[in-house]
Amino acid sequence: MKIGQAVTGRLLVFFVCLMAGVAALRAAEQEQDSLEVSLVTCSPGSEVYSLYGHTALRVRDLSSGDDIVFNYGIFNFRTPHFVWRFTLGQCDYIVAAVPFDMFLTDYADRGSYVVQQVLNLTPSEARRLVALLVENVQPENCTYRYNYLTNNCTTKVRDLVVSVVDGDVSFMPTSGGRTYRQLMHSYTALHPWAELGNDVLLGAACDTLLTDWAAMFLPFELARYFDGAQVTDSSGETRRLVSQTQLVLQPGEREEASGLGISPISASALFLLLCLIIMWIEYRNRRMWWFFDFVFMTLLGVAGCLLCFMFFFSEHPTISSNWQVWVLNPLPLLCMPWVVACAVRRRQCLYHKLNIAILTIFIVSSPWIPQDFCEIVVPLAFGSLSRSVSYCLCYRRKR
């Protein structure tokens, strides 16, 4: 799912929309069988926003030669307070129309390949679909509230196609009991840090089993469902929704984004090992490494502040059901000055007993929590737990 394509200004968007609208209207006035509508699916890119690929609709007028792509995945970075609104889940996307050659050139430059599935629509269905597309790209209609699971560039296209078909569209069941998270993991497997970012933010609602309809939120999933879909009209006759599939752009060379050289699970395992080593040194020397806790609790608390802010205030789906706030929350940051002050003065700190209680409850109950935790949360929980246990052991030895 291509999350967006930045445009440099509203004037460009509206000019292209107007140009495409006129072309598409002219196409609709041609012979009934001159319109060809195709589902266009673009392969994933190397950037985070393009890891899932992209979906669009291509409209060709075979008699006049007009060839337009309607793209629901455009956003404008220059929108006032864009980053703030995106964080709150209040980001608006734009549908615009561009010449197919221009659209294809953009993906050729990225090394992506593009597949089109020619839709087996009747002339009246094709005309209705084009009319809806032209209506959507008008300046007063071209903006919509984006939701990355239920209202994105892929689901918008699916809903439009299904709405114009005369009859019932039946899809071959292929979801196989998968969840939102599992489907997204199949596209982020080679980008572990991007996958980690998703898993930290997405909550338990992302781990419920999907219906086939809900599974179509990703471009290649939609293409797979369309490939096996059939339309049954009122007389009982059936036809395939897709008449033919064509590769319209060969894959090219793509520059992969450079990683950090270490996976999240390896980094978290090394962190936990470091915590255990420090714990052993502290127990032998009876001296706390409070400077380590200063850094660790600050970083953990800052991450917890971000997650809790998203948990309580963001409108993004599934975030409000995130059980990982037991580990990633602002408490370590708030208590860090108190913990360090007590460690310097070699006094006991109530925070450690509270932290042990909270993390123990989380770790013991985690097998029954209906959420697939990100791979660093449990090592973080054990690492934080080991720090508090180390303090309590040292205080007991001093007694």
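Setting aside the neighbours within four places in sequence, Leu 57 is in contact with Val 37, Ser 38, Leu 39, Ile 68, Val 69, Phe 70, Leu 119, Leu 129, Leu 133, Val 157 and Val 161. Please keep in mind that this is a predicted model.

So where does that leucine belong? Leu 57 sits in the largest nonpolar core, which has 61 residues. Leu 57 is among the residues with the most contacts inside that core, along with Leu 119, Leu 129 and Phe 226. As a general remark, nonpolar side chains tend to be buried together in soluble globular proteins.

Now over to helix α7, residues 192-201. Here Ala 194, Glu 195, Leu 196, Asp 199 and Val 200 are buried. What covers them? The cover includes α6, α9 (264-285) and α10 (290-313).

Let me finish with the whole chain. There are 13 helices and eleven strands, and 49% of the 399 residues count as buried. Of the contacts between residues at least 6 apart in sequence, 79% join residues at least 24 apart. The accessible surface is about 19300 Å², and carbon and sulfur atoms account for 61% of it. Thanks, everyone!

Definitions and conventions. Residues numbered from 1 in each chain as written. Predicted model: local features only at pLDDT ≥ 70, side-chain atom pairs only at ≥ 80, totals over all residues. Heavy atoms only, no water. Helix = DSSP H or I, 4+ residues; strand = E, 2+ residues; numbered from the N terminus. Buried < 20%, exposed > 50% of the residue type's maximum accessible area, 1.4 Å probe, protein only. Contact = heavy atoms within 4.5 Å. Areas by Shrake-Rupley, 256 points an atom, 1.4 Å probe, with all protein chains shown as cover. Core = buried A, V, L, I, M, F, W, Y, C linked by side-chain atoms within 4.5 Å.
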